Amino acid sequence: MSYSLELRDVRKSYGDFQAVKGATFGVPPGTIFGLLGPNGAGKTSTIRMIMDITAPDSGEILMSGRPRISADLHRIGYLPEERGLYRKMTVFDQLLFLGELHGLGRAVLAKRIQSWLERLEIAAWGKKKIEELSKGMQQKIQLVGTLLHEPDLVILDEPFSGLDPINQGLFKEAFADLKRQGKTILLSTHVMEQAEKLCDHICLISNGRAVLDGELREIKRKWGGNAFTLRIEGDPQVLATLPGVDTLTVSPDDPQSAKVLLRPDANGADVLKQAIGLVRVHEFRSEEPDLEQIFIKAVRDGAQ
């Protein structure tokens, strides 16, 4: 398979600390690829090496099947987790400056800036200074600056940080549109719900290592058949003590609803019989496991 971006056994240490311990994955073109993991897993360190901000200690980084070169960075749009805007500049001047760094002329930039500001519903703020904007609005400005030069590969590090649900929706629509245009997106996040809705492929990393990698649909199919939802009366935490239960997730909105992921050798009927002896079960149904369940198990198993 050809990849827009590929990492081969990439490693990075800071002193005695190994931040990335052999990252290997490929990002298929025209997809949304999730680089997922808990805080401190090595996601940002990996992205900084892709962007040539820091150099890997070893390993290879390739773009379109060949070693990455400096010129390739102009084909990438990078939205870092940290905000890097000039607070005293106006929104329009800030975006003009960012676009000119990529060699774009003012006439082209003016049209693109206006189009994106309207799309993200902040056109009225074009003459305001960055310091007058909320954190969520600043995040919108950073996204516009990331996309002005129409990159082929877009790298987003925790892009939903500071956004309310409405603005998260605007971002999701923009990402889906980029995908329809044939762009490739690498989305780094620790929020599994966002990744599950957006990503085609994922790589789960924990403690600097990849613990799960592949097409999301295939991963969920592999884990299917051993996930169940229960509605009960009683303490759902007792379900975690049942033989055969691997992980338990209790709904924060409904404490009487719980999801269990069973071990591969466990039988759903046997677990149900045991559950009935501890709590009153109103519902027990098989369903596709969600990414959070898979994530918890993969990270836990990878730490063993």
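Hi everyone, let me start with a term: on a 1 Å grid over the protein atoms alone, a pocket is an open set of points where a 1.4 Å probe fits, with protein on both sides within 12 Å along at least five of seven lines, and its lining residues have an atom within 4 Å of a point. A volume is the space filled by probe spheres set on the points, which are joined across faces, edges and corners.

What you see above is a predicted model, in which local features need pLDDT of at least 70 and side-chain atom pairs count only at pLDDT 80 or more, while totals for chains, interfaces and linings use all residues. Residues are numbered from 1 along each chain as its sequence is written, and side-chain values use heavy atoms, with hydrogens and water left out.

Let's visit the largest pocket. It holds about 390 Å³ of space. Its lining has 18 residues, and Tyr78, Pro80, Leu98, Gly145 and Thr146 lie nearest the centre. Strand S6 (76–79), helix H2 (91–101) and helix H4 (135–147) each bring at least two lining residues; helices (H or I, at least four residues) and strands (E, at least two) are DSSP runs, numbered from the N terminus. S6 gives the most, with 4 residues. By class, this lining has 9 nonpolar, 8 polar and 1 charged residues. Here Asp, Glu, Lys and Arg count as charged, Ala, Val, Leu, Ile, Met, Phe, Trp, Tyr, Cys and Pro as nonpolar, and the others, Gly among them, as polar.

On to the second largest pocket, with about 310 Å³ of space. Of its 13 lining residues, Thr249, Pro252, Lys259, Asp290 and Glu292 lie nearest the centre. Helix H6 (192–198), strand S12 (245–250) and strand S13 (257–262) are the elements that give two or more residues to this lining. The class count here is 4 nonpolar, 4 polar and 5 charged.

Now, how many disulfides does a search of the whole structure find? The count is 0, where a disulfide would be a pair of cysteine sulfur atoms within 2.5 Å.

Finally, a hairpin. Strands S9 (residues 201–206) and S10 (residues 209–215) run antiparallel, joined by 6 bridges. Ser206 stands opposite Arg209 in S10. With 2 residues between the strands, the hairpin has Asn207 at a positive phi near 55 degrees.

How values were computed. Two strands pair if DSSP finds at least two bridges between them.
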